[in-house]
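This briefing is for a reader meeting the structure for the first time. It begins with a pocket and then turns to strands, single residues and the backbone.

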Amino acid sequence: MRISLNEAVEFIKKGKVVAIPTETVYGLAASIQFEEAIEEIFLLKGRPNTNPLIVHLPYFQALNEYCIIEPHLQKLADAFWPGPLTIVLEATLNKIPSIARAGLSTVAFRVPAHPLTKQLLCETGPLVAPSANLSGRPSSTSVEHVEQDFGNHFPVLDGGICQEGLESTIITYQEGQWKIIRKGALSAEEFVKILGYLPPFVGAKKGDTPLCPGQMFRHYAPKAKLHLQIQDSVPLVLGFIERDYLPKKQISLGSLSQPLGVAQNLYAILRKIDEEGYTEASVDMNFPIGGIWDTIRERLERASLP
Ligand code: TXA
Ligand code: MG
């Protein structure tokens, strides 16, 4: 059910869950003031309660009342907010409900850039919003994707197709430096001009508790099995328009010269494999290293896990 901005404000103020557009992916939003609505988000998504949610704020200044301010924070916010960056900080007072934080002492914050959601946040105040997909599935980058996962009656604020198409990059400050704990729409190289160094990516190591709990779970996956090498026995290839995979059928990820386009379409393509009834697909992983390609590669690798 597509709803207006005013209806979205009204629903959220009444403690309901609403799907909202952001420049990265759609989110399932609830006010931080309604713990029951936050609980409902976990149930709707089938999300483990050990996986915390991102708190979305209308503007940077709203952060002061919730957390400890680390070095370079103002510079990072000036450079990348509003935008596809999430920053994990040590929470000060207990103002963000524990259920949203999955019991952690830290909170993840983001100031999104989508104009509708910016207006919404100004009216409602902080909103928790995980990606609007069933847990484990590809995220939603259009209203149709939200409807596929939650049904046509679920209230959605229609903001069109998400511009970035991949989730925000998540960083945290640890041992005197900023580290990337989830690759995302903002590539690592972008930080160099602000921080003066390339923030290292700290992924989930076997046996360790990862800095980003979400990295523990299977994610972004279609129902079809994905092979990261082209298989003789599999008739479908996710490939690039510059290349020919005949006699196999190709579903195009886009152009090797336009990684932003590939990023924007990625989840729609992963969903399309299932929509078209394929049970298996090979992926052409022979694409450049660096920049947003690294996030695309990570998403495809995670999507192929059994
Ligand atoms: O682009 C995005 O970030 C989207 C849009 C809707 O804003 N949201 C999103 O939320 O991707 P979600 O819930 O699908 O992913 C949030 C990730 C999870 O992997 C979670 O573990 C991590 O953020 N996270 C949340 N709070 C954290 C914390 N305090 N410390 C470390 N990681 C945290
Ligand atoms: Mg997600």
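**Briefing on the predicted model**

The lining of the largest pocket is made up of 21 nonpolar, 17 polar and 10 charged residues. The model is a predicted one.

**The largest pocket**

- The volume of the largest pocket is about 820 Å³.
- The pocket is lined by 48 residues, and those closest to its centre are Pro 52, Ile 54, Ala 108, Ile 170 and Cys 212.
- Two or more lining residues come from each of these elements: strand 4 (54–56), strand 5 (85–90), strand 6 (106–110), strand 9 (169–174) and strand 10 (177–182).

**Strand 6 and its partners**

- Strand 6 is mostly covered, with four of its five residues buried.
- Strand 4 runs parallel to strand 6, and three bridges join the two.
- Val 55 has Phe 109 of strand 6 opposite it.
- Strand 5 is paired with strand 6 in the antiparallel sense, over five bridges.
- Val 88 has Ala 108 in strand 6 as its bridge partner; Ala 108 is also among the residues closest to the centre of the largest pocket.

- Four strands form an open sheet in the order 11-14-12-13, and their pairing is parallel.
- Strand 11 (225–227) and strand 13 (249–254) are at the edges; each has a single partner strand, so one side of each lacks a neighbour in the sheet.
- On average, neighbouring strands of this sheet are turned by 30° against each other, direction ignored.
- Strand 12 (residues 236–240) pairs with strand 13 in the parallel sense, and five bridges are found between them.
- Leu 238 has Ile 251 in strand 13 as its bridge partner.
- Helix 8 (residues 259–275) packs on the sheet and touches strand 11, strand 12, strand 13 and strand 14 (280–283).
- The direction of helix 8 makes about 150° with that of strand 13.

**Leu 236, a residue of strand 12**

- Leu 236 belongs to strand 12.
- Leu 236 counts as buried because its relative accessibility is 0%, and the cut-off for buried is under 20%.
- Neighbours within four places in sequence left aside, Leu 236 is in contact with Lys 249, Gln 250, Ile 251, Ile 273, Tyr 278, Glu 280, Ala 281 and Ser 282.
- Ser 282 is 46 residues away from Leu 236 along the chain, yet their C-alpha atoms are separated by 6.2 Å.

**Arg 137, a residue of a loop**

- Arg 137 is placed in the loop between strand 7 (127–128) and helix 6 (143–150).
- With a relative accessible area of 19%, Arg 137 is buried, since the cut-off is under 20%.
- Not counting residues up to four places away in sequence, Arg 137 touches Asp 149, His 219, Tyr 220, Ala 221, Pro 222, Lys 223 and Asp 274.

**Cis peptide bonds**

- Trp 81 is joined to Pro 82 by a cis peptide bond, with omega near -5°.
- Pro 82 is part of the loop between helix 3 (73–80) and strand 5.
- The peptide bond between Leu 246 and Pro 247 is cis, with an omega of about 5°.
- Pro 247 lies in the loop between strand 12 and strand 13.

- Ala 102 is not a glycine, but its phi is positive, near 55°.
- The loop between helix 4 (98–101) and strand 6 holds Ala 102.
- Ala 102 has a relative accessible area of 21% and is therefore partly exposed.
- Glu 175, also not a glycine, has a positive phi of about 50°.
- Glu 175 is in the loop between strand 9 and strand 10.
- The relative accessibility of Glu 175 is 71%, so this residue counts as exposed.

Notes. Residues numbered from 1 in each chain as written. Chains lettered and ligands numbered in written order. Predicted model: local features only at pLDDT ≥ 70, side-chain atom pairs only at ≥ 80, totals over all residues. Heavy atoms only, no water. 1 Å grid on protein atoms, 1.4 Å probe; cavity = no way out; pocket = protein on both sides within 12 Å on 5 of 7 lines; lining within 4 Å. Points joined across faces, edges and corners; volume = space filled by probe spheres on them. Nonpolar A, V, L, I, M, F, W, Y, C, P; charged D, E, K, R; others polar. Buried < 20%, exposed > 50% of the residue type's maximum accessible area, 1.4 Å probe, protein only. Pairing = 2+ DSSP bridges. Axes fitted to C-alpha atoms, helices over the stretch in contact; angles between N-to-C directions. Contact = heavy atoms within 4.5 Å.
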